[in-house]
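Student: Could we go through this structure together, one question at a time? I would like to see how each answer is reached.

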Amino acid sequence: MPAEPGKSTVEDVLPLSPTQQGMVFHALFDEQAPDVYTGQLTLSLDGPLDAARFRAAAEALLRRHANLRAEFRTLSSGKVTQVVRREVALPWRETDLSDRPDEFEALLAEDRALRFDLVKPPLLRFTLVKLGDERHRLVLSSHHLLWDGWSAPILVRELFTLYATGGAPLPRVRPYRDYLKWLSEQDSAAAEKAWSEALSDLDGPTLVGQPHPESGVPERFTTTLDAETTAKLTSLARERGLTPSTVLQGLWALLLSGLTGRTDVVLGATVSGRPPGLAGVESMVGLFINTLPVRVTLRADESLEDLLKRLQREQSVLLDHQHAGLADIQRVSGHSTLFDTLIVFESYPLDLSEIEQALGADGPRLTGIDVHDAAHYPLSLTVIPGERLGWTFGYQPAVFDEAGVSGIADRLKRLVEVFTDAPATPVARISPENTAEAGPIAAVPRNVRALFEAQVARTPDATAVVFGDTKLTYAELDARANRVASALGAGPETVVALALPRSADFAIALIGVLKSGAAYLPIDISYPAERIDLMLTDAKPAVVIRDLGQFDAEPGPLPDIAPEHPAYVIFTSGSTGRPKAVVGTQLALANRLTWSRDFLPRHEVRVAKSPLSFIDGTTELLGGLIAGETVVIADAETAGDVLALTELIDRERVNLVTVVPSLLAGLVEAEGSFASVETWVTSGEALTEELARKVAERWPDARLINLYGCSEAAGDSLAADSVLIGHPVANTTAYILDAFLRPSEIGELYLAGAGLARGYLGQPGRTAERFVANPFGTGRLYRTGDLVRRTERGLEFLGRADHQVKIRGFRVEPGEVEAALRALDGVSRAVVVPRDGKLAAYVVATRDGLELRREMAQAVPGHLVPAVVVVLGELPLTPSGKVDRTALPAPDFAELTTSEGPRDDREKVLCGLFAEVLGLAEVGIHDSFFELGGDSVISVRLVARARGAGITIAPRDVFEHETVAELARNSGDVAPQAREFTPGNTPLVSLSQEQLAKVSARWQA
């Protein structure tokens, strides 16, 4: 119906609620993608039905509630308002699928995929579908901007009442604008103070999923609690003075703790947002709900019941401040993100008896209701009360799959059972499940001597060792090692130091010491004398072999060697700056060697080139001998020279090569053929996807194996055919534990099993700190200090648990930043360290550091962008081949300037707009919008003002480019905009008189 001549078509102009502001952002973020906030309500109707009468009822409903006729406009100032039209046409469609009812689901899907245009009201549509005689479905689709779940029963009840009465007037409803007016009168300063206190000292967000470019409309997984468990939960909650929502929020927090490894958890919760002091609010229609953070700090010795009671008390303090917007809460918390999961407790069931009474005996019968809505979070849970508590999980398929979500649901059910059956259980003893992973059980010889001698018996005449022109068969190596063992005068519980160069003599000495029952201590003779003296002083070896010719005696009886006797003493770096010596047992080393022999296919020739003073060097050498292979020992010069090593591998027709990834990266680019290599084994450093891809491209027929381990567990404890660290080796169990030693999906890796060392030589305190009692069984656990994540394909290495740094409130793993840097074109190696509260990156690259930093700003979140990128010719390495972080040069932070001004008119405009919306005096062209305090809501204002100035950008562009320089380069042109709209009688949006006059003239009918 057209407006009267001379009368404005605009009835009112309203501000947005905090939740509406967030939804507008998501609707505008990518206008080509599906809008997750398009909801769909399907009513099943049986019996006689008058379509025209239903349409008239829907039109009356549209006239009754002004906010249903709203469009959402962005003013030239950047502010978004909702403009309420006096009259809008009702989108109504009728479809007959009587002869093809199987097409109904496709119709629903097509309808959900149809986006609403925020400036073309109403943001709702009705579809009446006939499925047969007296069988209909009424589909009501709408944008979530118009109403929330609490409003839906009101609308449905009024729709059917209007249908039954033929449009008879209903009691006057209080308009949505009254709520918005109430909202504008609240004390925002007090709310910000309360939320700031509630979130003080929070060290970072709780995130279960990584942002994914293909995120779209979430999928759903539904399940229910059985009636008995539901009744027990409800009864116990009531008995202990707890609300069901508090119980579910607390259990959800415990579940998130297991998924993230955090003990200070933040989850999102949706509250009704209807102020009890606003008369008539219970019958109002609109978007009142608000999404708020719920912080749950876990305490190890606190019982589950006490945790829930404390949570309820802490939340009650915030009840008067639930009107605050999430963007404002995040701002005062100091975190741009707080959570990425949401829990919604539905407490607005539809009373079907009221509908039946309204329709009468002669009208259609409402036989079913189906609601389809979603949220943009990677994981959400909607709880539906009833005799059987219903759970609907929404999940982004790019982040989770159905099996994973089903597993999450099962864990939550087990947590419910803990609450109903044992609410006094301490938090530290609550875990959804024991997620330990055990390697295969395998028989292990008592000692390494037995392993080697068994191989000698099998292949006595095969070549065992090659060094230059020297070749030894297994029988020759065994005989010479026996003479050394007899000459040592050492035995079990003693130490023999091997201060020999890389040579065949080292192999003979190593086997000889192991045959004697003593533990070998490898000494790198290239070390400074002071370092060697320190090692010898600490280890107190009974014998030091510097010249093997001095140790030659007729073979005699050798002592018995028990599995618990020491096999090696290996020095590793210590956190105090003094190296510590790991004492590994015969059982541990024999287990490692037996596993590798059985795990790897037998090769003819392998090369030994790893530093012999480290566990990887000796297991590389011993592993080949135990497997009956020929071991080619590279001399010191060849081991450190990529070109020489390449020539050696090709000349000796080597089949298996073990390298750290940094060396493998050099071999990939080397000019040798490597045609004989069948297996590449990496260990010692994180293997990147990029390097794995390059290996596969160059040697498509070769196998790539990634090993993870440490001296404290005989070298290697996990293995994978991918960049993951994979699964435990034989007789080894891997645990991922949080700070309370509870199994977790992400956490510190603990190892148990046959591979564990005795501990640290002469350091009982350090040993007790790292080798702890196993709370899940007998024996001990070794704390690796490494952070890992469980995946379907095995464990994923994330970095050191004790190398975390805090950047702008975020806990940052440098390994993640390093991986992102290595993914950039022209970067071959990267390491990231904290410097003065910022991230400093060091790269070996063919590109400029500032250019790389700018590209990083496009590839990762702002808190992961290094403050400076230093390009080096090579990274300094430790003797073991790992990056020496202490030798990295101090970066020059002078390039971190905010004074680089605009270079053209477009950048000048954008610099001014950045400064304006962020409230700053000046912004440089390379300053990050988000580092300067921007968020999603402010980005909408920036976009609007940019468009008003003739520059085309979208909110997505701000997130992807975030600096003036990048936005200017990636933006287009539009005609400058300047459009305003008129308010109603009592404006809630502040406009000048001049603006009002312009709007009135523009919208005259």
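Student: Leaving aside its neighbours within four places in sequence, which residues is Phe54 in contact with?

Tutor: This is a predicted model, so the contacts are read from computed coordinates. Phe54 is one of the residues that touch the most other members of the largest nonpolar core, which has 78 residues. Once neighbours within four places in sequence are set aside, the residues in contact with Phe54 are Leu45, Leu49, Trp92, Leu138, Leu159, Phe160, Tyr163 and Pro364.

Student: Which residues are among the members of the other core, and how many residues does that core hold?

Tutor: The largest nonpolar core, with Phe72, Leu124 and Phe126 among the residues that touch the most other members, is one of the cores to consider. Apart from that core lies another, whose members include Val465, Leu593, Leu625 and Ala714, and its count is 65 residues.

Student: Is Thr270 buried or exposed?

Tutor: Thr270 belongs to strand 9, which spans residues 264–271. Not counting residues up to four places away in sequence, Thr270 touches Trp150, Ile289, Asn290, Thr291, Leu342, Ile343 and Val344. The cut-off for the term is under 20% relative accessible area, and because the relative accessibility of Thr270 is 13%, this residue counts as buried.

Student: Which residue in strand 22 does Val569 stand opposite?

Tutor: Strand 22, residues 580–585, is joined to strand 21 by six bridges, and the two strands run antiparallel. Within strand 22, the residue standing opposite Val569 is Val583.

Student: Which element supplies the largest share of the lining of the largest cavity?

Tutor: The structure holds five cavities of 30 Å³ or more, and the largest cavity has a volume of about 160 Å³. Of the 16 residues that line the largest cavity, Arg592, Arg606, Thr658, Val681 and Leu707 are the closest to its centre. Helix 17, helix 18, strand 25 and strand 27 each supply at least two residues of that lining, and the largest share, four residues, comes from helix 18.

Student: What percentage of the residues in the chain is buried?

Tutor: The secondary structure of the chain comes to 30 helices and 42 strands. Taking the 1005 residues in the chain together, the buried residues make up 56%.

Definitions and conventions: Residues numbered from 1 in each chain as written. Predicted model: local features only at pLDDT ≥ 70, side-chain atom pairs only at ≥ 80, totals over all residues. Heavy atoms only, no water. Buried < 20%, exposed > 50% of the residue type's maximum accessible area, 1.4 Å probe, protein only. Contact = heavy atoms within 4.5 Å. Pairing = 2+ DSSP bridges. Core = buried A, V, L, I, M, F, W, Y, C linked by side-chain atoms within 4.5 Å. 1 Å grid on protein atoms, 1.4 Å probe; cavity = no way out; pocket = protein on both sides within 12 Å on 5 of 7 lines; lining within 4 Å. Points joined across faces, edges and corners; volume = space filled by probe spheres on them.
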